[in-house]
Amino acid sequence: MTKPKQTFDLDTLRRKARYLEVIHEFALSQVDLNSLDEILWNVAKTAIAQLGFLDCVIYLLDETGANLIQKAAHGPKNPIAHDIFKPIMVPVGEGIVGSVAATGNVERIANTQLDPRYITDDANRLSELAVPIIHQGKVIGVLDSEHPELDFFSEDHVQLLSTIASLASTRIETALAMQRLQSTVQQLQRTERSLEKKAEELREAKIRADHASRQKSSFLANMSHEIRTPMTAIVGYGDLLTRPDKSSEERFEWAEQVRRNSDHLLGMMNDLLDLAKIESGEFKPDIRNCELNDLVTDVCALMRPRAEAKELYFNVEVIGPMPLIIETDSLRLRQTMVNLISNAVKFTDKGGVDVRLRSAANTDNRQLEFIVEVEDTGIGIHDETLKQIFEPFTQVKETAHKSFGTGLGLTISQNFARMLGGVIELQSEPGKGSLFTLRIDCGPLDSTICVAPKFFNLTRDKPRVRALSVRRLDDVVVHVVEDSVAIKLLLQHLLEEAGAEVRHSANGKEAVDSILAFGKQSQLPNLILMDMLMPIMDGYTAVTKLRQAGIRTPIIAMTAFAFLDDRDKCLKAGCDVYMSKPIDPAKFIDQLAACLHYEEQVRIGS
Ligand code: ADP
């Protein structure tokens, strides 16, 4: 039998060749692509370049299988590859694309306007072709193209796009599986990392808990010892006191022992109560105006004999301008300073203790800080203990048996310092000594008046009158040097109301002439209030001239600048006190009274 001769019309041949060529090109172009993104964009690009489509959008089903999500799109709306600003979401079953996903059948729509499923997003798109991407019998996505011409898509287009979809499907599914795998791996890695972190946190928490528990047990043992020692003395000496045959000197000495040991017990109980309150968050600082000079003098008067009893030196130095009245909880500040200084004395056997006082602006230049440095030449503290020294119940082993303490002092002090807006810092070298630095916030920089160091009288030989209780300026002559009439009138009013006599000059030159003339008649004022910025002669020059002429009257500088440099500049020029504007009328007279009071102390003392 002879084979029937096959006949091909030229058109069919051309179409077949074209078909093979497109598929071949597409297959080649996909060879090197691995990521899902690359594969999808390549499919969209091929549909346009090879098939002459205007656009091509690729949707893939999401994990729920209920929605198609746009993953790639080429065409006028998405000219730049890999840039999809708002991925379109189509629920399966909705619109033409949605029904292809639901049925798995190709949809070739000659006139979209006649198809009720068509979701119009662009009225010029008249025909549409949507083919499913099927993998192992299941729809995983849809390839979709629209065109402005009616009946644009041919049967050839259907065949080509379907073949491209089925060629791409395996690759897409593999890439999807890779993506899923990668995200599972990443998830596992994240879980592993977070488990490692949790384990680390638990390890640290356990170490802390063990440490705390050890500290508490040793604290209880220590406390028991600390309570028994003074109790033994109290019971013992109390018993001796009941004996009738003893001399009054002996009885006096024993009574003294009972008192000293009771005081110690009481102090310890107070520490414990303070700590309990701090830990329960009950503690609130009682912030009021406090006379710093008085507080510091008290603390030094208390500590000096302790140092001297151990034959240690005890130096107190005031460095730079000092705030006169600060806003703080004076009781807590005092307790903290006493604790730092008494520790320094306690843990020093040779040399001594230096206490340095200074003030500085905090980092944002708004608040004033009061700084106390306590430096000793004592036993020092080892590096490993430095970190825990502010934790409760910490006592360095070597010192525990020697010292009369509970290991609570520094914890309480650090908590107080924090409550007062500050901190305690520590540097130490074993065998050489320690430097404890206490900083506390003492109120706004611009409303805190500062005095020259000489105003800080740190001795307690003469009975002191509390400055804050002196509220009147009777018989006081105040010379106001101020060019602003409004401010002059305000000051005059406040001063006269408090009983002062007021003189006035409108600039530095007038003031120097007038004050020197009064001086010649032995009628110098008791106080000069000096504005620093004035025409003709400013305050700095006037103060310098007055001081050169031997005038010792206290001068209060008043400026509208509130930075530390200004304070220093005023004090360098010879002013004694710095007050920044605006003045606070409620505090003004108190502050002047305090200045006069200190000036008197210094004068009597010198
Ligand atoms: P306490 O003095 O009641 O034991 P603290 O909390 O005040 O408690 O101090 C804790 C420990 O820190 C002290 O027992 C001591 O070992 C160490 N310490 C504190 N101050 C100093 C200092 N200036 N020099 C050396 N060691 C110090």
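A nonpolar core is here a set of buried Ala, Val, Leu, Ile, Met, Phe, Trp, Tyr and Cys residues joined through side-chain atoms within 4.5 Å, where buried means under 20% relative accessible area, exposed over 50%, and partly exposed in between (1.4 Å probe, protein chains only). The structure is a predicted model, in which local features need pLDDT of at least 70 and side-chain atom pairs count only at pLDDT 80 or more, whereas totals for chains, interfaces and linings use all residues. Residues are numbered from 1 along each chain as its sequence is written, and side-chain values use heavy atoms, with hydrogens and water left out.

In soluble globular proteins, nonpolar side chains tend to be buried together. The largest nonpolar core of the model comprises 91 residues, of which Leu333, Phe370, Leu473, Leu495, Leu529, Met530 and Phe588 touch the most other members. Helix H15 (residues 585-605) supplies the largest share of this core, namely eight residues; helices (H or I, at least four residues) and strands (E, at least two) are DSSP runs, numbered from the N terminus. At least three residues of the core come from each of domain 2 (288-455) and domain 3 (477-605), the domain bounds being taken from an automatic or database domain assignment. The contacts of Leu333 (heavy atoms within 4.5 Å) are with Leu292, Leu295, Ile326, Thr328, Phe370, Leu420, Leu438 and Ile440, when residues up to four places away in sequence are not counted. Another core, of 33 residues, lies apart from the largest one and includes Phe53, Val131, Phe153 and Leu160.

Helix H13 (residues 539-548) has as its buried residues Gly539, Tyr540, Ala542, Val543, Leu546 and Arg547. These residues lie on the same side of H13 because they cover an arc of only 165° around the axis, the arc being that of the directions from the helix axis to the C-beta atoms. The N-terminal end of H13 is capped by Asp538, a side-chain oxygen of which lies 3.4 Å from the backbone nitrogen of Tyr540. This distance falls under the rule for a polar contact (a pair of N or O atoms within 3.5 Å; within protein, one must be able to donate a hydrogen and the other to accept it, and residues adjacent in sequence count only if both atoms are side-chain atoms). After H13 comes Gly550, which has a positive phi near 85°.

Side chains of opposite charge can pair when their charged atoms come close. With a salt bridge defined as a side-chain nitrogen of Lys or Arg within 4 Å of a carboxyl oxygen of Asp or Glu, the count comes to 24 salt bridges. One of these joins Arg117 to Glu107, with an N to O distance of 2.9 Å. Arg117 is in the loop between strand E4 (107-109) and strand E5 (127-135), while Glu107 is in strand E4, so the pair ties together parts that are 10 residues apart in sequence. Arg117 is partly exposed at 28% relative accessible area, whereas Glu107 is buried at 16%.

The closest N and O atoms of Arg203 and Glu200 are 2.6 Å apart. Arg203 is partly exposed, with 48% relative accessibility, and Glu200 is also partly exposed, at 35%.

Arg439 and Glu369 form a further salt bridge, at 3.2 Å from N to O. This pair links distant parts of the chain, 70 residues apart, with Arg439 in strand E14 (residues 433-444) and Glu369 in strand E12 (residues 367-376). Relative accessibility is 24% for the partly exposed Arg439 and 17% for the buried Glu369.

Glu173 touches His135, Ile140 and Arg180, not counting residues up to four places away in sequence.

Asp151, a residue other than glycine, has a phi near 50° and is located in the loop between strand E6 (138-147) and H4. Asp151 is partly exposed, with a relative accessible area of 48%. Glu311 likewise has a positive phi, of about 55°, and is situated in the loop between helix H6 (292-309) and strand E8 (313-319). The relative accessible area of Glu311 is 73%, and this residue is exposed.
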